[in-house]
Structures are given as structure tokens and as C-alpha cells.
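Dear colleague,

Here is the structure I said I would pass on. My notes follow it.

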Amino acid sequence: MSGTRTIEGIAAVIDIDNLDTDQIMPKQFLRGIDKSGLDKGLLWDLRFDGAGSPRPDFVLNRPEWAQTRILIGGANFGCGSSREHAVWGLQQFGIGAVIAPGFGEIFQSNAVNNGLLALALAPQEVRALVAEAARSSAPLRVSVDLGDLTVRTPESCFAFHLAARHRQMLQEGIDMIGATLKLQQEIAAFAERHWAARPWLRDVGRRVRQRLDQTGAAATNDEIIARSER
Amino acid sequence: MSSRSLYRKIVDAHTVSVLDEQHVLLFCDLHLMNEYTSPQAFAGLRAAGRSVAMPGQNLATVSHIIPTHAVSPRVIREPASSLQARNLAANCERHGIALFDTNDPLQGIEHVIAPEHGMIRPGMVVMCGDSHTTTYGALGALGFGIGTSEVEHVLATQTLVYRRAQEMRVRVDGSLPQGTTAKDLILMIISRIGAQGARGFVVEFCGDAILALSVEARFTLCNMAVEAGARGALIAPDETAVSYVLARAPDIDSAAACAHWMQLRSDHDASFDREYSFDASSLAPQVSWGTSPDQTIPIDGLTPGSVGHPDAGTARALDYCGLSPGMSLQGLPVQIVFIGSCTNGRIEDLRAAAAVIRGRRVAHGVRALVVPGSGAVQKQAEDEGLARVFVEAGFEWRRPGCSMCLAMNDDLAEPGERCASTTNRNFEGRQGRGAITHLMSPAMAAAAAVTGRIVDVRTLEVLP
Ligand code: SF4
């Protein structure tokens, strides 16, 4: 993504509101321990029928849309499950931007963190794009300019907003962990202050696990429940 | 200092540094992990030669892929899933992270085991690679779901670059009528404000009806706030919440902690970006009819679209669910009943279902499953005799896990099968390709199991 200024290409319309991440990347493709092979699972139930044959009428299966770079989606695109696999799958499929009236919160963060542009336009602007795509017989070509923050089609041009931080991440692909690690000492000092005032939070995961191990898991739990029901 | 909401107080107390107008570096008190959204984070850490910053503030469990058949020891047969479980164990071992592994007697769904063992404490910030982390708002802890890149960030730094949310307050007064539960309440609220009605907001629930809820019922409520798009849910900790935590966390110096926790409330003049108010007393049992949790109606209601033509989204959902506009859901035959999940897989949920089932039988041709949320819930239900009630009625009594909530293990509904489910998502294909999900409360699901149909639990005679 380094140095990206424009995302340009064929756009496909998937005009479904609340297209959740279960649909974008179904469960059977979440079994890996790496990120590979997710292009295959993208929008599986929409792209393929029950027997696994491509549905010829689905936009992404039509030959003219083979080079799709941009998706135009419905409201609340990517809602539901936090699975980042949805974003990885879109990118592996060749999608560089999704344009929609709004996105699921976690999906949007995931997109930013991977350099996928989740571009929100006003509902009427998205409707205008959908209408334009429907009018033209050939696939709609869309161009997104990250420099002047505009979306252009043959018939329209819309401005969009992008937080400065996100624009930088898209264009330069910053190493966020590296940046935060520069604050390591501040974090450590913060934690010490935080725990001094709230000692019950230090090592909470490890300490609870140790208590359960020491006291005998099953017995302890009965006691826990008995106590809580008094 | 000007007046602040509970949300703002928690965020401020965890702000390591202010990054820009919108973003802060937020400290994470507890980071929970599962087997399928963490592997790539650990791999990324390793590739960059980084270590886990504060292993003691982390915890992991195998929950989503695990088979729930009643066999011991549990063996994950599917090779890729088995690798995920082994990989999680290896990652935890390598980094010194506490784990509830496949055959741990306390294994279970992350959002069930963390609070039941006293890990969730008021005022905490909890993050997890799972959207239902909002559950912890029930105890006055700010929980929210994160993606895998963020999991890696939290592992490496114990912090997150966090964009502050807008604030919403939802007040619910009145009291819940007989036969209704927190599940019905949250389904109703989602149906009113919509699947994106709380998007960008952290929701604080307040009012008499909320304070009257048990902690377990509050979990159900906050768990599903994310289905309205919320970035978090909160209920100010009260007596009920505090005694729940203290009973489960004997290591806490309770005087100091309570003094701290009792300040965890919104100032009386705190302002909210949006406010809603509902009256619980007119609530009826709710059932979802469509493929988004906001597509929900009261049991005595009708599917939408009766006047004029349904819009495209409604038509698509009705079609997927094999329904038509303006019809009642009552009497609709179901083939599967699923009781479980992080929404409704706790002991009170199982008690409510068992109360309906006692003395009855699962209807002919219905497959009914109960999957307890955790090993502790399973054991308690067995000790209380609930398991026997389920088994005698013809239910399958399973081992803990996510199971048919997302059907990532081998519990799956077939195409066209209609499932009465206590879970949180009725998305297309969520419980199996072509499977139809109707979200409802445990008591309503139990009523569906014994009648074979979607019915109003309030009309079932109470058996002695
Ligand atoms: S029970 Fe369902 S919603 Fe809860 S963590 Fe498991 S899969 Fe997610």
C-alpha cells in the first residue's frame, strides 16, 4: 500500500444492508492459523450454490467483473463478528476499497489496520452510484483519490472524509505496534500507577488461573457458586 | 473537572496518552483470546521478533471449534481445527499466558468463564478478538471486540490505539412482566433502534427495570448490545454487581475495591449524545423473524410488509426465512432447538428452560440440544438435577462450547431447517447454510422444543 494515492478500477454493486462478516467470510474458512487462501471463501454463499457451483448471475462471477477492485455495498457493511478474515479475504480477492453508507465498527478498524479503504458516503450518494452502475451496460469504473479525498465516476464526483491518521496509514502503511512500543516506558509507568490504586487488577488473568489450579478446579467452582447464591 | 459519564471515567482512567483529538492509547486490564482470531496475531508477533508485554493480563480458551458431544476426553477430529487448538496451547505456553484448554474441566465460552471465576471487575477495560465482549458491561467493565491486528497490538503493548465513542443512554423503567426476560428486552430494544442504531456509541443502560435484573440477565442484555452496533455497553455497578464479583474473587481487598467501585457511575448532570427511554411493563416475549437481529417482533405480532410491498431488504429476509409479509410466527414448526451460547448459556438460563420442560417431552421430529456455557455451568446444572430434566425430556445434554451459535464445530443445522435458538445472531447461514434462525429466550426455546412450534410460552400450562 506504500505511497498509494489512488484506488481505481471496476466497481461491483452488492446492494444488501447489514451484510455481516459471517456472509463475507463464512465459518468454514476460519480454520487456518495463517491468513492464506481466504479469497476462496469470500462471499461464499452469494458466489456459490449449495453444490459449490458458481452462481452465474452473481456480479462477481460475471466475466466483465473479473477485475473488480471496488465494492459498493449497503448500510452497516461488515457488521457482526470481529473476524478480520473478512478484510483479508476482500484484499486477497483484489478489493482495495469498499464504498458504503456505513460500516460495522470492528470491520472498519480491521480495514484501517490492513490498508483496505472502508469509504463512507452519504446514503443518497451511495444510491446515486448504485443507480449509475445499474444504468450503464458495462461495469462502472470508479476512481478514489486519497490526495484530494474524492470518489469519481464518469457521471459524478463525491468528497469523503478520512481521519488524518487513517489517511497516513493507508498511504504509508505505518507500523502501529512499532509506534506504540516507543511509548513502552510510559505504558509501564502508567501500569504501576494504575495497579497501585487498584491492586486487584495486577496479573488478574494469571492469578485467577492459579487460584483455580491450587484449590482444585471443580470443588472451587461449587464453592464459588454457593457463595454467590447466599 | 466537568461532569463525566461512567464511560468517560473508565476511558480517562485507562488513558496512557492522548494521541490526537479522537484517539487515545488505552490500557487493557484483561485481554481474552480464543483459538481462531488469535493465531495470526501470535504469528505476527513472532515474525517481528516481539514478545508479549504483560502475560499476566491475558487469558485464552478453546471455545469456538470444540466438539460438544458427551464423550471424554474431548477430541477435535477436524485436522485444521485440531491444529488451531494445539497452536493456541503452544502460544500460551511459549508466552506464559493462562489457558483453559480443550479438556480443562472449566473450559467454556470466553464470555461465560471470565466473569464466573471473578476475572471481570468493575471499572476494568477488557478486550477480546470477539464482538460479544460487550457482555462485561453488566459488571460496569468496559468490554469491546477487536480484530486480529489489534490482538497483536494488545499482546505486544497491553494497550490499544482507541477512538473514543459517542455516548448513548438507554433508560428502561417499569418491571418485566411474567414470561419475559432480559433477552426479550434487548431484542425489543434492538428492533426499535435498529441493527446500526447504536453504531459508534457506547450504551449505558439505566432505570428500575435494569437494576432489578440479576447479573446473569445483565450479561444477556449487554452481550447483545453489539447487535445494535454498539461499541460497548455499561451498567453502573450496584450492590448486586459488587456482591457477584466479590463472591468470585476472594483475593480482593473488598473495602478498598468497593470504595473505588462505588464511584463508578455517571455524574448526575453528565450529558449523552443520544438518549432513549423504554417501558418494560408492556414487553411481550420476542422472536426474530428475519436475518438481522433487529428483524424481531413480539410473539403476538406479525411479520412486516402487510401494508403495501415490503422493501427489498425485508423481502429478501422473508424469502430466506420462508415467510410471507403480515404473518404470525405462532404455530410455525421448528426442526431444531438450541439452548446455549454466551447470550443464554448460563445457569439461570438453563433453569428457566428446565422449568418449562419439566414433565414434558421434546416434540416428535424435533432435535433439541442444550450446550452449557462452561464446565462450571455444566457441573452445576448436573448437581441441581437440571441435566436430568433435559435428558428425560429428550434433549441432548452436551459439553460446553459455542456449538451451534456459529456452527464452527460439527453442530450444524441443515438447509431449510428452522431453529428456535437462544443465541444472538440470525444471520443468513450462521447456523448452517440455508438454516433459518429464530432468536428467542431460553423459556421460549424450551416451549418450542416441547410443542415443536414457535409458541407463546405464557400460554403453556405450568405443570406441577
Ligand atoms: S457463543 Fe456465539 S457469540 Fe458467543 S463467543 Fe461463541 S460464537 Fe461468539
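Where is R4(B) found? Please bear in mind that this is a predicted model. R4(B) belongs to the segment that precedes α1 (6-13) of chain B. Is R4(B) buried, exposed or partly exposed? Its relative accessible area is 22%, so R4(B) counts as partly exposed, given that buried means under 20% and exposed over 50%. Apart from its neighbours within four places in sequence, R4(B) is in contact with K9(B), D12(B), S266(B), D267(B) and A270(B). From R4(B) to E116(B) there are 112 residues in sequence and 30 Å in space, C-alpha to C-alpha.

On the two chains: 77 residues of chain A are in contact with 94 residues of chain B. Between them the chains bury about 6900 Å², with 56% of that on carbon and sulfur atoms. Of the area that chain B buries against chain A, 10% comes from Q40(B), R199(B) and R433(B), more than from any other three residues.

Q40(B) is also one of the buried residues of helix α2 (residues 39-47) of chain B, along with P39(B), A41(B), F42(B), G44(B) and L45(B). The buried residues of α2(B) pack against β3 (30-33), α3 (79-95) and α5 (148-157) of chain B, and against α3 (85-93) of chain A.

Last, the ligand. It sits in the largest cavity. The residues around the ligand include H64(B), H111(B), D130(B), H132(B), C342(B), C402(B), C405(B) and R430(B). By type, the shell has 5 nonpolar, 5 polar and 2 charged residues.

Regards

Conventions: Residues numbered from 1 in each chain as written. Chains lettered and ligands numbered in written order. Predicted model: local features only at pLDDT ≥ 70, side-chain atom pairs only at ≥ 80, totals over all residues. Heavy atoms only, no water. Near = heavy atom within 4 Å. 1 Å grid on protein atoms, 1.4 Å probe; cavity = no way out; pocket = protein on both sides within 12 Å on 5 of 7 lines; lining within 4 Å. Sits in = over half its atoms within 2 Å of the grid points. Nonpolar A, V, L, I, M, F, W, Y, C, P; charged D, E, K, R; others polar. Buried < 20%, exposed > 50% of the residue type's maximum accessible area, 1.4 Å probe, protein only. Helix = DSSP H or I, 4+ residues; strand = E, 2+ residues; numbered from the N terminus. Contact = heavy atoms within 4.5 Å. Buried area = accessible area lost by both parts, 1.4 Å probe.
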